[in-house]
Amino acid sequence: MKVKRIILIGPPGGGKGTQAKQLEADYGITQLSTGDILREAISSGSELGEKVKDTIEGGNLVSDEVMIGLIKERLLANESRSGFILDGFPRTISQAKALNVFLAENEMDLDAVIEINVPDELLIERITGRFSCSNCGQGYHDTFNMPKVAGICDECGGTDFTRRKDDNEETVKNRLVAYNEQTSPLISFYRKIGILSVIDGNQDIKLVTKCIKEVLDA
Ligand code: AP5
Ligand code: MG
Ligand code: ZN
């Protein structure tokens with residue numbers, strides 16, 4: 001199968017992580033979630049984690065400098081050779097420009113930039129109902145996406161679940177402002193380059209996946 005390099009853009013709670021995990025399984029490409037990478041840094045107590053903790057817990061964006069350095073390292077790693085799905089990067093025009101330069105220097109083309117479009121008013125409920133498996137990271141939702149057997153992870157059988165510290169109503173409001181002000185301009189940035197596809201994210205999870213795969217397989 002051809003190497004696929006994809007960017008997912010979408011608001012907090014829009015379904016980027018849910019879809020990226022499915023695409024990772026279906027296409028054998030790596031999900032690079034900058035949010036997950038930063039949260040791992042925080043829980044391991046690393047220097048990076050210390051640096052970004054307050055910013056993330058306040059729902060604000062980490063500096064472009066830190067993020068660009070971090071993603072370049074991941075894109076050069078072996079795990080990205082067979083393709084990648086960027087989930088949560090780029091998030092500003094500066095990040096997008098730096099990514100373009102980096103990809104060109106390394107002779108990597110993007111196959112698609114996919115915007116998962118979800119109206120703001122649905123996002124608070126999506127986020128406040130979210131939880132995930134502590135063992136394998138599989139994401140769930142109290143209403144929309146429960147494990148098949150309550151209390152047991154479908155993927156790994158784990159029985160421990162966690163909720164994110166930034167998943168409260170107050171922080172979500174800041175995250176939405178950050179998205180609308182700093183990230184949504186990327187949509188016209190990529191539309192102008194001619195690689196943007198917009199998917200309706202306000203439909204069943206499996207239907208969203210189907211729409212994304214139609215774009216990728218076209
Ligand atoms: P990040 O972890 O990327 O958070 P986010 O963008 O706010 O997005 P989420 O992970 O909350 O949502 P998602 O789109 O993945 O939704 P999910 O699939 O889980 O970033 C966190 C923080 O890190 C940022 O605030 C910032 O501080 C920092 N950061 C990260 N990258 C950065 C960067 N590049 N620059 C600067 N700072 C950066 O779905 C949500 C819920 O809804 C789940 O429960 C799911 O089961 C459910 N769901 C999913 N799809 C559907 C559907 N179709 N119908 C019903 N329910 C659904
Ligand atoms: Mg996510
Ligand atoms: Zn699990």
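Q: Is E107 buried or exposed?
A: E107 counts as exposed because its relative accessibility is 73%. Buried means under 20% relative accessible area, exposed over 50%, and partly exposed in between, with a 1.4 Å probe and protein chains only.

Q: What kind of model is this?
A: This is a predicted model, where local features need pLDDT of at least 70, side-chain atom pairs count only at pLDDT 80 or more, and totals for chains, interfaces and linings use all residues. Residues are numbered from 1 along each chain as its sequence is written, chains are lettered from A and ligands numbered from 1 in the order in which they are written, and side-chain values use heavy atoms, with hydrogens and water left out.

Q: Back to E107. Where is it found?
A: E107 is in the loop between α5 and β4. Helices (H or I, at least four residues) and strands (E, at least two) are DSSP runs, numbered from the N terminus. E107 also has a positive phi of about 50 degrees, although it is not a glycine.

Q: Which peptide bond is cis?
A: The one from F89 to P90, with omega near -5 degrees. P90 sits in the loop between β3 (83–87) and α5 (93–105).

Q: New topic: the sheet. What is the strand order?
A: The open sheet has five strands in the order β2-β3-β1-β4-β8, and the pairing is parallel. Two strands pair if DSSP finds at least two bridges between them.

Q: Which strands stand at the edges?
A: β2 (30–33) and β8 (196–200) do. Each has a single partner strand, so one side of each is left without a neighbour in the sheet.

Q: And how many bridges between β1 and β4?
A: Four, joining β1 (residues 4–9) and β4 (residues 112–117) in the parallel sense. The bridge partner of I9 in β4 is E115.

Q: Now the ligand. Which residues come nearest to ligand 1?
A: T18, N60, R91, R130 and R175, out of the 34 residues around ligand 1. A residue is near a molecule or strand if one of its heavy atoms lies within 4 Å of it.

Q: What does R175 do there, in distances?
A: An N or O atom in the side chain of R175 is 2.7 Å from an oxygen atom of ligand 1. For Q95, a side-chain N or O atom is 3.0 Å from a nitrogen atom of ligand 1.

Q: How many of the shell residues are charged?
A: Eight are charged, while 14 are polar and twelve nonpolar. Here Ala, Val, Leu, Ile, Met, Phe, Trp, Tyr, Cys and Pro count as nonpolar, Asp, Glu, Lys and Arg as charged, and the others, Gly among them, as polar.

Terms used
A polar contact is a pair of N or O atoms within 3.5 Å; within protein, one must be able to donate a hydrogen and the other to accept it, and residues adjacent in sequence count only if both atoms are side-chain atoms.
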